[in-house]
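Opening the notebook on this one. I'll jot down what I look up as I go.

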Amino acid sequence: MERPASNLGDRCDRARSRLVLIDLQERLLAAMPDAARVEVERNTARLIEAARQLDIPIEISRQYPKGLGDLTTRLQQALQGHGTVTDKTAFSCCAETELNARLTTGDQIILTGAEAHICVTQTTLELLEAGVTVFVVEDGVCSRDAGRKRNGLERLRAAGAIITNHESVLFEWLRDAADPQFRELSQLIR
């Protein structure tokens with residue numbers, strides 16, 4: 001489905017956004033290439049900090065935490081107790097009834113997570129099907145294999161997801177250098 005370029009839903013709006021972290025757990029991220037793991041943790045931590053300061057809701061899913069552990073220590077520290085955690089065994093976040101209700105009542109979902117071609121893809125496709133605008137943060141998602149990540153992102157773009165990056169999201173949330181939080185939040189990307 002081709003989306004119109006002038007659609008205002010194509011710009012992140014903090015009043016309409018919800019940040020979603022999909023399965024960014026210790027044991028799962030340990031299986032990712034080192035550079036990808038570091039990038040995803042750093043960029044997701046930046047988005048968490050911005051979301052916290054801008055009062056943007058944060059959702060966290062954990063895939064089978066008994067086997068894959070909790071969120072990484074770095075992300076737990078960034079969250080500082082913010083966010084709603086949902087444990088799951090299904091690959092799509094939408095399979096969890098309460099989480100699905102929260103995700104489909106808003107109109108902009110900003111996704112980070114692992115793995116891009118599995119849980120991120122299945123969640124995105126179901127949200128798009130429900131009429132939700134989905135932004136997939138390409139430097140906030142990873143897969144064990146770069147080719148599978150690329151394939152997942154290409155598939156999601158073709159399905160109607162907006163593929164973006166963490167800096168674009170952050171600055172779209174701010175919208176203006178006159179925003180009172182601009183100075184502090186712009187420091188996140190230095």
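This is a predicted model: local features need pLDDT of at least 70, side-chain atom pairs count only at pLDDT 80 or more; totals for chains, interfaces and linings use all residues.

Which side chain does arginine 62 meet in a salt bridge? I find aspartate 70, at 3.0 Å, N to O; a salt bridge here is a side-chain nitrogen of Lys or Arg within 4 Å of a carboxyl oxygen of Asp or Glu. Arginine 62 is buried at 18% relative accessible area, while aspartate 70 is partly exposed at 33%. My cut-offs: buried is under 20% relative accessible area, exposed over 50%, partly exposed in between, with a 1.4 Å probe and protein chains only.

Residues are numbered from 1 along each chain as its sequence is written, and side-chain values use heavy atoms, leaving out hydrogens and water.

Glutamate 59 meets arginine 18 at 3.0 Å, N to O. That pair links strand β2 to strand β1, 41 residues apart; strands are DSSP runs of E, at least two residues, and helices are runs of H or I, at least four, numbered from the N terminus. Glutamate 59 is buried at 2%, and arginine 18 counts as buried at 18%. Shared partners join Arg18, Glu59 and Arg102 into one network.

I also looked up aspartate 23, which bridges to lysine 88 with the closest N and O atoms 2.9 Å apart. Aspartate 23 lies in the loop between β1 and α1 and lysine 88 in β3, so the pair ties together parts 65 residues apart in sequence. Both residues are buried.

Next, the sheet. I read six strands in an open sheet, ordered β3-β2-β1-β4-β5-β6, with parallel pairing (two strands pair if DSSP finds at least two bridges between them). The edge strands, β3 and β6, each pair on one side only. Four bridges join β1 to β2, and leucine 21 has isoleucine 60 as its bridge partner in β2.

Last, the helices. I find the axes of α6 and α7 coming within 9 Å and crossing at roughly 5 degrees; axes are lines fitted to C-alpha atoms, for helices over the stretch in contact, and angles run from 0 to 180 degrees between N-to-C directions. That makes α6 roughly parallel to α7, a label for angles under 35 degrees. Just after α6, glycine 131 takes a positive phi of about 90 degrees.

Methods. Angles under 35 degrees count as roughly parallel, over 145 as roughly antiparallel, 65 to 115 as roughly perpendicular and the rest as oblique.
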